[in-house]
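User: I'd like to learn how to read a fold. Please take me through it feature by feature.

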Amino acid sequence: MHISKKEIEVRYAETDQMGVVYHANYLVWMEIGRTSLIKDLGFSYAGMEKDGIISPVIDIQVSYKKPLRYGETATISTWIEKYDGIRSVYGYEIVNEAGEISVTGNSSHVCVKKDSFRPIHFKKYYPEWHIAYENAKKSEIE
């Protein structure tokens, strides 16, 4: 299983009146993690969009464990939890500088044609990407 890691410095604008990261910002960080993972595997989400293919979120789950605050550095770990050639499920863990878990989650995506929102067979459109996902995804043993 390939795990992508990306550091984010918590900016003041990302916090709420309680001085902690506003909950919706973790979703943005998860997207940063996904994009980083795709790049690590040698591909480009922006390139896929240029081909007229997008990958909308169809389900998302987030569990908040410990708040992050302005000035701290968060590390986002992202991996492919499940992949079946049509649906991709990404796993996330966001930790603080001490390595304490702040957030865990996962998001499910399908690839669709941008103009019609009709699902595509990822293997047919992007065979190299499909192989990379098969090789990078979490195994049933893990």
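Analyst: We go from the sheet to the helices, then to charged pairs and single residues.

User: What should I know about the model before we start?

Analyst: This is a predicted model: local features need pLDDT of at least 70, side-chain atom pairs count only at pLDDT 80 or more, and totals for chains, interfaces and linings use all residues. Residues are numbered from 1 along each chain as its sequence is written, and side-chain values use heavy atoms, with hydrogens and water left out.

User: How do I read a sheet, and in which order do the strands form it?

Analyst: Start with the terms. Strands (E, at least two residues) and helices (H or I, at least four) are DSSP runs, numbered from the N terminus. Two strands pair if DSSP finds at least two bridges between them. Here, five strands make an open sheet, ordered β1-β4-β5-β6-β3, with antiparallel pairing. The edges are β1 (4-9) and β3 (57-64); each has a single partner strand, so one side of each lacks a neighbour in the sheet. From one strand to the next, the twist averages 20°.

User: How many bridges join β3 and β6?

Analyst: Seven bridges, in the antiparallel sense, with β6 spanning residues 101-110. Within that strand, Thr104 stands opposite Ser63.

User: Which strands does helix α1 touch?

Analyst: Contact means heavy atoms within 4.5 Å. Axes are lines fitted to C-alpha atoms, for helices over the stretch in contact; angles run from 0 to 180 degrees between N-to-C directions. Helix α1 (residues 25-40) packs on the sheet and touches β1, β3, β4 (73-83), β5 (87-95) and β6. The direction of α1 makes about 140° with that of β1. Helix α4 (residues 127-136) lies across β4 and β5, at about 105° to β4.

User: Now charges. How many salt bridges does a search of the whole structure find?

Analyst: Side chains of opposite charge can pair when their charged atoms come close. The test for a salt bridge is a side-chain nitrogen of Lys or Arg within 4 Å of a carboxyl oxygen of Asp or Glu. The search finds four. One of them joins Arg11 and Glu14, with closest N and O atoms 2.7 Å apart. Another joins Glu134 and Lys137 at 3.1 Å, N to O.

User: Is Glu14 buried or exposed?

Analyst: Read the relative accessible area: buried is under 20%, exposed over 50%, partly exposed in between (1.4 Å probe, protein chains only). Glu14 is buried, at 6%. Its partner Arg11 is exposed, at 53%. In the other pair, Glu134 is partly exposed at 31%, and Lys137 is partly exposed at 25%.

User: Which distant parts of the chain does the Lys66 and Glu100 pair link?

Analyst: Those two side chains meet in a salt bridge at 3.9 Å, N to O. Lys66 sits in the loop between β3 and β4, and Glu100 in the loop between β5 and β6, 34 residues apart. Lys66 is partly exposed at 36%. Glu100 is partly exposed too, at 35%.

User: Where is Val10, and what does it touch?

Analyst: Val10 lies in the loop between β1 and α1. Val10 is buried, with a relative accessible area of 4%. Leaving out residues up to four places away in sequence, its contacts include Trp29, Leu68 and Tyr70. Val57 is 47 residues from Val10 in sequence and 24 Å away in space, C-alpha to C-alpha.
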